[in-house]
Amino acid sequence: MFPAFTLRYSRLPERFYERFEPVPVREPRLIAFNRPLAEALGFDLAAFDAEEAAVWFSGNVVPRGAEPLAQAYAGHQFGGFVPRLGDGRAVLLGEVTDRDGRLRDIQLKGAGRTPFSRGGDGRAPLGPVLREYLVSEAMHAMGIPSTRALAAVTTGEHVVRGIPEPGAILTRVAASHIRVGTFQYFAARGDIDGVRELADHAIERHYPELTKRKGGERYLGLLESVQARQAALIAKWMGVGFIHGVMNTDNTSISGETIDFGPCAFMEQYDPQMVFSSIDEGGRYAYANQPWIAQWNLARLAETLLPLIDDDTDRAIELATELLQRFPERYEEEWLAVMRAKLGLERAQPGDKALAEALLAIMHRGRADFTLTFRRLADAAENREAEASLIALFERPEEIAGWLEDWRQRLAQDLWTEDERARRMRLANPAFIPRNHRVQQALTAAMDENDYGPFETLLEVITHPFDDQPGREEYTRPAEPTERVFRTFCGT
Ligand code: AMP
Ligand code: MG
């Protein structure tokens, strides 16, 4: 069933991880399986059998060639440094080479207590597993770099999170699980060789073009490349109203993928200060803070790389600082590219930023739904009469009507036909996102009634985010006041 493993992390020095076998579970049952992803990873599905798959994806049997381990990492959690976190409940089976020749980690999340578990039970409840499955697959379908969900199983055991909940295990696929916090783990121990070895490994995996570079240039290049990927990633999050919720350095991937879907949520009414996570009391990870938190996390990565950048610490700091200071500019470029696509603007013009910001300000004052506003703007690009349904989203219709006039004047400077523009806008503005109340409903049905129908339907809907899906209009609707989700929980 499993493709051959191409072990890499397991070949790194012993102090990078703890060897650890998944702890068997009582009664594994396969509840979700991502067939297209499995095919892309080279799984042999000819004799696929759900019962057998449940045994593999629970970790009850370790596939041949895998060398399971728990990775060591540290991290700043809400700004406070924890020198030893590590995989407290995740096991890396190993890497496989996918059909495109890319190396992919296969990890079981919720696989039992590891040497990094501290007080935790090493397990995952069903709710968070299904949430990660839905949201990570939705992100991928929207063209946003993300870890993927390959499979989910229930364990037949309970985990206690206040109340007993069904236990589950998620099989997660990632370009790698190397985080800013992985670098911090070695740096905090003064283990410069460890940082170098990790950096070389990350470069080989994610930024092979840097392998030609020598000395400090190579590690400064790593910082620059990670910065570029993070800037692009956060701009994409902002473009769909995604709020990660726990942008700790241990949840910041070196590959530039979205990783760890805890209390994440999608904004409905536009509000830049929006926070959902119950543990984010200070609003550190509010929607509008995300780019600046990414920059802060990059500064923590830079600190770990200083000894590799230059033997002269002052010089290393100068080089890294100069680079980090370019983040805002880089981010703005990425953000503007996202916004131009959303607004249907063909060629860059000096007033584009102001036009985008004006719309957001009007959306904020008008309490307009983020996703519907942009999707209906695509309709309005094609058909002026569709403006009415867009304007209806706003509490202050006159403001948005005025903005639409400005927008139409701006569109006149481009060459695209109306059809072409509308077509492109529909590919930049999803109709279907995992709306929080829908996710909640899907999780509740699975947990309380063992009914996976809502989960399966929602997954199908949100993995085709840009298609008009006749008959599925209900899924484009924001929450009614009684359905609204105000708080999300880590639930780990
Ligand atoms: P997370 O909130 O999932 O990003 O995890 C933060 C840290 O807590 C990581 O080191 C996890 O491995 C650890 N952790 C989270 N949940 C558990 C659990 N149930 N058992 C053991 N460790 C956990
Ligand atoms: Mg994490």
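The model is a predicted one. A search of the whole structure finds 43 salt bridges, and three of them are described below. The helix pair consists of helix 4 and helix 7, which pack at an angle of about 35°.

**Helix 4 against helix 7**

- Helix 4 covers residues 180-188 and helix 7 covers residues 290-309; their axes lie 9 Å apart.
- The crossing of helix 4 past helix 7 is left-handed.
- Helix 4 supplies Val180, Phe183, Gln184 and Ala187 to the contact, while helix 7 supplies Asn297, Arg300, Leu301, Thr304 and Leu305.
- Sorted by class, the residues in this contact are five nonpolar, three polar and one charged.

**Glutamine 184, in helix 4**

- Glutamine 184 is part of helix 4, and its relative accessible area of 4% makes it buried.
- The side chain of glutamine 184 makes a polar contact of 2.8 Å with the side chain of histidine 76.
- Beyond the neighbours within four places in sequence, glutamine 184 touches Ala74, Gly75, His76, Phe81, Thr249, Arg300 and Thr304.
- Two of these residues, Arg300 and Thr304, are also listed on the helix 7 side of the helix contact.

**Salt bridge between arginine 172 and aspartate 260**

- Arginine 172 and aspartate 260 form a salt bridge through their side chains, with a distance of 2.6 Å from N to O.
- Arginine 172 sits in strand 10 (residues 163-174), and aspartate 260 sits in the loop between strand 11 (242-243) and strand 12; the two are 88 residues apart, so the pair links distant parts of the chain.
- Arginine 172 is buried because its relative accessibility is 2%, under the 20% limit.
- Aspartate 260 is also counted as buried, at 16% relative accessibility.
- Both residues belong to a network of salt bridges that links Lys109, Glu132, Arg172, Arg179 and Asp260.

**Salt bridge between arginine 410 and aspartate 352**

- In the salt bridge of arginine 410 with aspartate 352, the closest N and O atoms are 2.7 Å apart.
- Arginine 410 is in helix 13 (residues 397-411) and aspartate 352 is in helix 10 (residues 352-366), so the bridge ties together parts that are 58 residues apart in sequence.
- Arginine 410 counts as buried at 7% relative accessibility, and aspartate 352 counts as buried at 2%.

**Salt bridge between glutamate 483 and arginine 477**

- Glutamate 483 and arginine 477 form a salt bridge whose closest N and O atoms are 3.0 Å apart.

**Serine 176**

- Serine 176 lies in the loop between strand 10 and helix 4.
- With a relative accessibility of 1%, serine 176 is buried.
- The side chains of serine 176 and histidine 206 are joined by a polar contact of 2.8 Å.
- Leaving out neighbours within four places in sequence, the contacts of serine 176 are Asp105, Arg205, His206 and Glu257.

**Aspartate 280**

- Aspartate 280 belongs to the loop between strand 12 (265-266) and helix 7.
- Its relative accessible area is 5%, so aspartate 280 is buried.
- A polar atom of the aspartate 280 side chain lies 2.8 Å from the backbone nitrogen of tyrosine 285.
- Apart from neighbours within four places in sequence, aspartate 280 contacts Phe78, Gly245, Val275, Tyr285 and Ala286.
- From aspartate 280 to serine 255 the separation is 25 residues in sequence and 25 Å in space, C-alpha to C-alpha.

**Phenylalanine 266**

- Phenylalanine 266 is in strand 12 and is buried, at 2% relative accessibility.
- Phenylalanine 266 and threonine 476 are 210 residues apart in sequence, and their C-alpha atoms are 13 Å apart in space.

Key:
Residues numbered from 1 in each chain as written. Chains lettered and ligands numbered in written order. Predicted model: local features only at pLDDT ≥ 70, side-chain atom pairs only at ≥ 80, totals over all residues. Heavy atoms only, no water. Axes fitted to C-alpha atoms, helices over the stretch in contact; angles between N-to-C directions. Helix = DSSP H or I, 4+ residues; strand = E, 2+ residues; numbered from the N terminus. Left-handed = near helix turned anticlockwise from the far one by under 90°. Contact = heavy atoms within 4.5 Å. Nonpolar A, V, L, I, M, F, W, Y, C, P; charged D, E, K, R; others polar. Buried < 20%, exposed > 50% of the residue type's maximum accessible area, 1.4 Å probe, protein only. Polar contact = N/O pair within 3.5 Å; in protein donor to acceptor, adjacent residues only side chain to side chain. Salt bridge = Lys/Arg side-chain N within 4 Å of Asp/Glu carboxyl O.
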